[in-house]
Amino acid sequence: MARPASLRSAFVAVLALACRHVEPIRDPGFTPQDDEATLWAEAAQIDAKLEERGHVLRDADVESYLDAVASRLLAASGTGAPPVRVRVLLDPYANAFALPNGSVYLHSGLLAPMANEAQLAMVLGHELTHYTARHGLREHRAQKNLQKARDSLAVTFALITAAAAGDPYAAMALSQATNDLAGQVMRIQLSGYSRDLESEADAQSLAMLRAAGYERAQAVAVFELLLADADATERQIPYVYASHPRIQERIESLNELLEDEPPAAPDALRIAEAEFQQRTASVLLADARLELATGARVPAERALERYVRLRPDDAVGVRLLAETYRRAGPERDHVARAARTLEQAALLQPDDAEIQRELGLLYRELDLREHARTSLTRYLTLAPEAADRGIIERYVAELQ
Amino acid sequence: MRFEKSRARCTLALLFAVFALPARAGDDYDPYRIPREQFRAEVSRVALRPLRLPDGTPDAERVRVELEGLIAAELEKRGYTVVPSQAFADIWRRFATDLGGVYDPISGMPDAQRYVLAQQHTVRQLERTQNVDAVLSASIALDAMPAYIGFWSWEAAGTPIRWQGKDLPSAMNQQPQRVEGPYLRVLIHDNAQVLLYDAQIALAWSRAYVGGGYEEVPATELYGKRERNQETVAKLLGPLVDRKAAAARD
């Protein structure tokens with residue numbers, strides 16, 4: 001009785017490996033297969049939830065720019081796949097993912113450190129490959145088949161044990177133990193499998209960059225940037241775009257791929273730095289807010305300095321930058337830098353009560369009594385009903 | 001047959017021990033909300049906020065002073081400079097008065113806007129006058145102790161549950177269905193109110209439902225054992241970056 005079950009286990013395992021290959025999406029009118037349609041429906045639910053819960057950056061200009069870059073890559077690759085939808089997910093950790101239905105999400109923490117469109121194209125090309133090559137479906141089928149193999153393996157061992165010991169309790173316990181062992185084997189296989197898919201996506205992305213005329217050196221540059229970012233923030237994030245060893249691995253494999261490629265055509269040098277910076281500036285502001293909320297002042301400061309260079313007239317960004325400088329510590333240099341920056345915000349929005357209040361408090365910390373009194377008095381004039389009026393009035397009196 | 005059954009039970013027990021115990025040990029709680037290195041770089045001078053105790057705690061002032069003292073000692077042992085809770089309390093009181101009171105005199109609930117403002121101004125003042133990097137807020141609240149598979153976390157309190165003079169569990173039919181106790185919780189926030197560290201641990205068990213009724217520890221005995229309080233605080237702040245050791249390594 002045990003022998004056929006063992007054979008069945010082996011057969012299912014072989015079947016699991018054999019089912020890995022599926023045809024890529026090539027037709028604009030592509031319709032998913034039955035099990036794939038279920039995955040697409042689940043993906044649509046995820047899309048709706050992310051929108052509903054406010055995790056997606058609402059910025060039509062950023063969205064249209066990202067969609068345009070994705071379309072450019074898809075058109076150049078000649079896959080004929082239907083257009084995708086690219087969105088920015090408000091998350092400070094570097095990551096990106098593609099859902100089986102063609103929804104691509106880039107974390108704000110991934111976009112923020114990027115320098116140009118060619119770098120964005122590398123990441124987008126990678127995610128688009130997951131979609132067009134139907135990696136979601138392949139992984140889903142592989143997992144399903146391996147689950148069957150795992151179940152059969154556990155049952156086989158349980159039956160062998162039960163037969164040998166004549167004890168159903170022991171058989172049950174050993175079946176569970178074997179199941180855990182099978183789970184571990186499966187995880188190792190899946191982890192290797194996922195790496196294959198990641199490498200395939202990197203190789204395809206490089207091909208897309210070449211076809212779309214982007215400078216391919218940026219493919220490595222983006223991972224070097226992410227590596228520096230991962231090291232600077234010391235975050236232990238298991239994401240493929242945020243884990244030091246995995247990024248390092250990808251840099252090495254990309255360098256190998258680039259060595260094997262023919263030299264780029266003279267016109268294949270699109271980097272589009274200025275356009276990228278301008279079109280995605282709002283991502284910097286959104287990401288800085290998230291970074292500050294998690295106490296990550298340094299990446300927030302970096303993002304805000306870039307944002308203010310791009311949008312010097314946006315008082316919101318200038319004010320947040322001043323706040324970031326102030327958070328560096330109570331030392332005079334930090335406070336003075338915060339005050340200088342906030343003065344720019346006050347020039348942009350002279351009637352903003354909160355700016356005057358903060359400016360007054362900073363001057364007070366710097367012992368610039370006259371300036372402090374002027375700003376705090378102005379705050380009280382602009383916000384006569386302020387809840388902290390009592391405290392501010394006391395400060396003003398002390399500054400006399 | 002009898003031998004076979006007991007062998008099967010032994011196998012089950014062994015498998016349970018093999019699979020359940022490492023799972024518990026592997027689930028170590030990490031109280032940090034930011035990377036440890038960032039914590040080490042940013043926090044060296046910590047202001048204590050007065051410890052909050054449940055209403056009606058007997059001898060509350062003595063308990064507060066003792067536990068705050070233990071917390072301060074544990075921080076100092078690891079190289080932090082501690083600003084006693086009196087500094088926070090004085091500044092808070094002054095700002096609360098300026099704001100016209102922070103708590104509703106009838107319901108006792110805080111006014112959200114005024115509370116935040118009092119907090120902001122107090123921390124800012126502490127930063128300005130005492131160079132404080134972070135504020136540690138400790139509180140005690142009564143809560144039920146969760147059970148894991150086959151384990152009760154009252155072990156964390158360091159004292160066995162006693163029922164009719166015996167330690168529990170002494171038999172399968174004497175398993176308490178619910179155990180409650182005071183939890184000591186520590187939160188460390190930076191000056192911008194970002195949570196940096198969050199940990200809590202049961203100080204003792206105060207009430208257990210067993211044998212169809214409640215077995216209770218008198219409230220006066222809950223916080224009386226200094227050694228146990230010290231051990232609890234040491235466990236609570238154990239994962240905190242040891243600045244002295246780190247400085248010696250550097």
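Modeller: I start with E180(B), which is buried, its relative accessible area being 14% (buried is under 20%, exposed over 50%, partly exposed in between, with a 1.4 Å probe and protein chains only). This is a predicted model, in which local features need pLDDT of at least 70 and side-chain atom pairs pLDDT 80 or more, while totals for chains, interfaces and linings use all residues. Residues are numbered from 1 along each chain, chains are lettered from A and ligands numbered from 1 as written, and side-chain values use heavy atoms, without hydrogens or water.

The partner of E180(B) is R178(B): their side chains meet in a salt bridge, with 2.7 Å from N to O (a Lys or Arg side-chain nitrogen within 4 Å of an Asp or Glu carboxyl oxygen). R178(B) is partly exposed, because its relative accessibility is 38%. Over all chains, the search of the whole structure gives 43 salt bridges.

In chain A, R134(A) and E36(A) form another one, and their closest N and O atoms are 2.7 Å apart. The two residues lie 98 residues apart and so the pair links distant parts of the chain: E36(A) belongs to helix α2 (residues 34-52), whereas R134(A) sits in the loop between α5 (117-132) and α6 (135-165) (helices are DSSP runs of H or I with at least four residues, strands runs of E with at least two, numbered from the N terminus). R134(A) counts as buried because its relative accessible area is 7%. E36(A) is buried as well, since its relative accessibility is 2%.

R270(A) and E275(A) are also joined by a salt bridge, at 3.5 Å from N to O. R270(A) is partly exposed at 27% relative accessibility, and E275(A) is partly exposed at 35%. Both belong to a network of salt bridges that also links D61(A), E117(A) and R279(A).

Now the aromatic contacts. There are twelve aromatic pairs over all chains (Phe, Tyr or six-membered Trp rings with centres within 6.5 Å; stacked under 30 degrees, edge-to-face over 60, otherwise tilted). One of them joins Y32(B) and F39(B) edge-to-face, with 5.4 Å between the centres and 85 degrees between the planes. Y32(B) and F39(B) are both buried. W92(B) and Y115(B) make a further edge-to-face pair, because their planes stand at 65 degrees, with the ring centres 5.3 Å apart. This pair links distant parts of chain B, 23 residues apart: W92(B) is in helix α4 (residues 85-98) and Y115(B) in helix α5 (residues 112-130). W92(B) is buried, as its relative accessible area is 13%. Y115(B), by contrast, is partly exposed, with 22%. Ring pairs also connect Y32(B) and F39(B) with Y80(B) and Y197(B) in a cluster.

Two more residues complete the picture. T81(B) lies in strand β2 (residues 81-83) of chain B and is partly exposed, with a relative accessible area of 38%. Its C-alpha atom is 8.4 Å from that of A47(B), although T81(B) and A47(B) are 34 residues apart along the chain. In chain A, E256(A) is part of helix α9 (residues 244-260), and E256(A) is exposed because its relative accessible area is 51%.
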